[in-house]
Amino acid sequence: MSLHVLLLAGGLSERMGRDKVDIVRPDGTRQIDHVVALARKFSDRVFLSTRDGGDRGTGLPVVADLHPGDGPVGALASAAATAPGEPWLVLGCDLFLLDEATLLHLLDHRDPSRPATAFHNRLDGKPEPLCAIYEATAMSAVSDAVRAGKFCARHFLEDLGPLVLDLPHPAALDNANTPDELEEAFAKLRHGVAPKQVQILYFAALREARGESAETVETLARTAAGLYEELRFRHRLPLRADALRVARNGEFAGWNAPVEAGDEFVFIPPVAGG
Amino acid sequence: MFKISTTPIDTSAVVARVEDPTCGGLVLFEGRVRNHHRGRDVLRLDYEAFPSMAESEGNKIVTAALEKFDVRAIACVHRTGSLAIGDIAVVVAVSAAHREAAFDACRYVIDELKATVPIWKKEFYTDGTDEWTGCDACAGRGHHHVH
């Protein structure tokens, strides 16, 4: 018997400006269809989690949110109620870089004696909740989390004490929440991922938040948007990209500016000269 | 000419850079540290710059102004570091044959500078708080400071 798989398509995609699952990938497939096809390679019990019970054109059985707005933890609770006592593989439908090798690695290294099996986030090392296997014990703990109002999926998974694996492909779970970050994800899909070193200078509010005025970092980013998102996540920087401008090698540049080895980047907070 | 200065600005030296016998108009703008900002009492402030890019971007503005207006010379110096109330933060000097172009160019330079040159200002208030101004992203996000 194969694992139940829950594909999460209930996000609001607010900063993307359109539903992320309907985005068409560089190869012409719709994002949600890409994830459905991946899931079907490993299971014939694939379910779609949505806010409203719609199947987004996939033809999949739907696990509608019992309480729309409760996020991924709420979706897990809804799945637990659908198939009590079953383990679930949970996948975010907005994982643009998710591939078969990553899922194979997760399933091959799964330890059913642990409450969950997941991957380390490549930036902060913490377990990633939206590409993970939740065993029956974990699924039974979800309703407690919901009752306690604990809707942070990362905390829920971390508190389970999961088995946490290194990603075979480091960028496989990279996120994309804005059009610039989507461009970054597609650049990685098209051109692959290679680590490179760049110099970052910090000024004003970002210098204070980082606690450094300069650093050399290794990055997988292909664009300035991807680079800033790595830094923002790793250092918990307080400013989002939409509040900043980019300077690459001393000149203003777009968020889609390429990241090449040896580049110097400055992310410029709102200026206030004069 | 656009320069960042880490030491107090000598206004007369900036003026001297644009003086020219063909010019009947010389407009001088001094930006000074004032003791209030949006209803709050300011004690002092710090200016910080990305010096190399501030000077390259500042010089682009000066070059654009020289093309745009019928002026003879433009010099602009912006201070960085810790400044007290009344200290000179920026000086713009423009000389031209006639006053109108000099006024227009001077205003253009200071307005563009404020909008694009990578210089930041941190204000320290009499109530012991401080903040980076122009930080619109912080507004309304639950930060304690008010802009």
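Colleague: How many helices and strands make up the secondary structure of chain B?
Modeller: This is a predicted model: local features need pLDDT of at least 70, side-chain atom pairs count only at pLDDT 80 or more, and totals for chains, interfaces and linings use all residues. Residues are numbered from 1 along each chain as its sequence is written, chains are lettered from A and ligands numbered from 1 in the order written, and side-chain values use heavy atoms, without hydrogens and water. Helices (H or I, at least four residues) and strands (E, at least two) are DSSP runs, numbered from the N terminus. Chain B has three helices and nine strands.

Colleague: In what order do the elements of chain B run?
Modeller: Start at the N terminus and read on. The elements run β-α-β-β-β-α-β-β-β-α-β-β.

Colleague: How much of chain B counts as buried?
Modeller: Along the principal axes, the C-alpha atoms fill a box of roughly 55 × 25 × 25 Å. Buried means under 20% relative accessible area, exposed over 50%, partly exposed in between (1.4 Å probe, protein chains only). Of the 147 residues of chain B, the buried share is 49%.

Colleague: Is B:Thr133 buried or exposed?
Modeller: B:Thr133 sits in the segment after β9 (130–132) of chain B. Its relative accessibility is 7%, so B:Thr133 counts as buried.

Colleague: Which residues of chain A and chain B does B:Thr133 touch?
Modeller: Contact means heavy atoms within 4.5 Å. Residues up to four places away in sequence are not counted. That leaves A:Pro270, A:Ala272, B:His37, B:Lys121, B:Glu123 and B:Tyr125.

Colleague: What area do chain A and chain B bury between them?
Modeller: In contact are 24 residues of chain A and 29 of chain B. A:Phe203, A:Val271 and A:Gly274 supply 28% of the area that chain A buries against chain B, more than any other three residues. Buried area is the accessible area (1.4 Å probe) that two parts lose on being put together, summed over both. With 60% of it on carbon and sulfur atoms, the area is about 2,100 Å².

Colleague: How many salt bridges are counted between chain A and chain B?
Modeller: A salt bridge is a side-chain nitrogen of Lys or Arg within 4 Å of a carboxyl oxygen of Asp or Glu. B:Lys122 and A:Glu208 meet in one, at 2.6 Å from N to O. The count between the chains is three.

Colleague: Which element gives the largest share of the side of chain A that touches chain B?
Modeller: At least two residues each come from α7 (204–210), β10 (245–248), β11 (251–253) and β12 (264–268) of chain A. The largest share is four residues, and it comes from α7(A).

Colleague: Why does the radius of gyration of chain A agree with that of a compact globule?
Modeller: The radius is taken over C-alpha atoms, and the globule rule is 2.2 Å times the number of residues to the power 0.38. The C-alpha trace of chain A spans about 65 × 40 × 35 Å along its principal axes. For 274 residues the rule gives a value near 19 Å, so chain A agrees, with 20 Å.

Colleague: Which side chain is joined to that of A:Arg154 by a polar contact of 3.1 Å?
Modeller: A:Arg154 lies in helix α5 (residues 153–160) of chain A. A polar contact is a pair of N or O atoms within 3.5 Å; within protein, one must be able to donate a hydrogen and the other to accept it, and residues adjacent in sequence count only if both atoms are side-chain atoms. A:Arg154 touches residues including A:Asp124 and A:Phe233. The partner at 3.1 Å is A:Glu128.
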